[in-house]
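This report describes the fold, confidence and side-chain pairing of one protein chain. The sequence and the model are shown below.

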Amino acid sequence: MNGVAGDDGPGKNENEEEPSLFKQVMREQAIEEERPQSANFTLRKILGGDFLSTEMLKKQIWVIVLIAAFTLVYVSNRYSCQKDILEINELNEKLKDAKYKALASSSELTEMCRESNVLEMLKNNKDSILHIANQPPYIINVPENEQ
């Protein structure tokens, strides 16, 4: 079809070589083979992920699992400790409030039990028969041998 009779030879060979070359390149890319690890790691290889080859992951899988397990334990332990610290702080605040309430009620009770306050409450209460003594207390001495 290029119009020249007998000129098919070179064009046909070129078209045949092209698909075979393409097939060969595709086969090479499709086959996953392990490449040997190079001794030097560069930042480009690390960021590119070249160091995470299948062989290396096979060798280090238990180390990776162990690191993941330790990470989970660390995170859960930290969460638990933070939760306990928050509970301790809350309980300390409640304890402080209870101490202040106890101190306030104790001081109110002490104030109400003073003699002057008791006497004033007795004066204000007309039903009470209690009153202030006019005479000093009298001490009765009982000898021990007369019993």
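## Salt bridges and their surroundings

At 47% relative accessibility, Glu90 is classed as partly exposed. The model discussed here is a predicted one. Glu90 is the partner of Lys94 in a salt bridge, in which the closest N and O atoms are 3.8 Å apart. Both Lys94 and Glu90 belong to helix α3 (residues 54–112), where a spacing of 4 residues corresponds to about one turn of the helix.

Besides the pair within helix α3, Arg114 forms a salt bridge with Glu111. In general, side chains of opposite charge can pair when their charged atoms come close. Arg114 has a relative accessibility of 46% and therefore counts as partly exposed. Glu111, with 37%, is likewise partly exposed, because the range for that class runs between 20% and 50%.

| Salt bridge | Closest N and O atoms |
|---|---|
| Lys94 and Glu90 | 3.8 Å |
| Arg114 and Glu111 | 3.1 Å |

## Overall architecture and surface

The chain contains 4 helices and 0 strands, and along the sequence its pattern reads α-α-α-α. Of its 147 residues, 1% count as buried. The accessible surface amounts to about 14,900 Å², and carbon and sulfur atoms account for 59% of that area.

Where on the surface is there a nonpolar patch? Ile61, Trp62 and Val65 form such a patch, with about 350 Å² of accessible area together. Val65 is located in helix α3, the helix that also holds Lys94 and Glu90. The relative accessible area of Val65 is 41%, so this residue is partly exposed.

## Confidence of the model

The mean pLDDT of the chain is 80, and 76% of the residues score at least 70. Which elements of the chain have the lowest and the highest mean pLDDT? Helix α1 (residues 8–30) has the lowest, at 66, whereas α3 has the highest, at 93. Helix α3 is thus also the element in which the pair Lys94 and Glu90 lies and in which Val65 is placed.

Over residues 1–9, pLDDT stays under 50, and for this segment the model has 1 contact beyond four places in sequence.

How values were computed
Residues are numbered from 1 along each chain as its sequence is written. Side-chain values use heavy atoms; hydrogens and water are left out. Helices (H or I, at least four residues) and strands (E, at least two) are DSSP runs, numbered from the N terminus. Buried means under 20% relative accessible area, exposed over 50%, partly exposed in between (1.4 Å probe, protein chains only). Accessible areas come from the Shrake-Rupley method with a 1.4 Å probe; for residues, only the protein chains shown count as cover. A salt bridge is a side-chain nitrogen of Lys or Arg within 4 Å of a carboxyl oxygen of Asp or Glu. pLDDT is the predictor's confidence in each residue, from 0 to 100. Contact means heavy atoms within 4.5 Å. Patches are made of residues with over 30% relative accessible area and no salt bridge: like charges are joined within 9 Å, nonpolar side chains (Val, Leu, Ile, Met, Phe, Trp, Tyr) within 5 Å.
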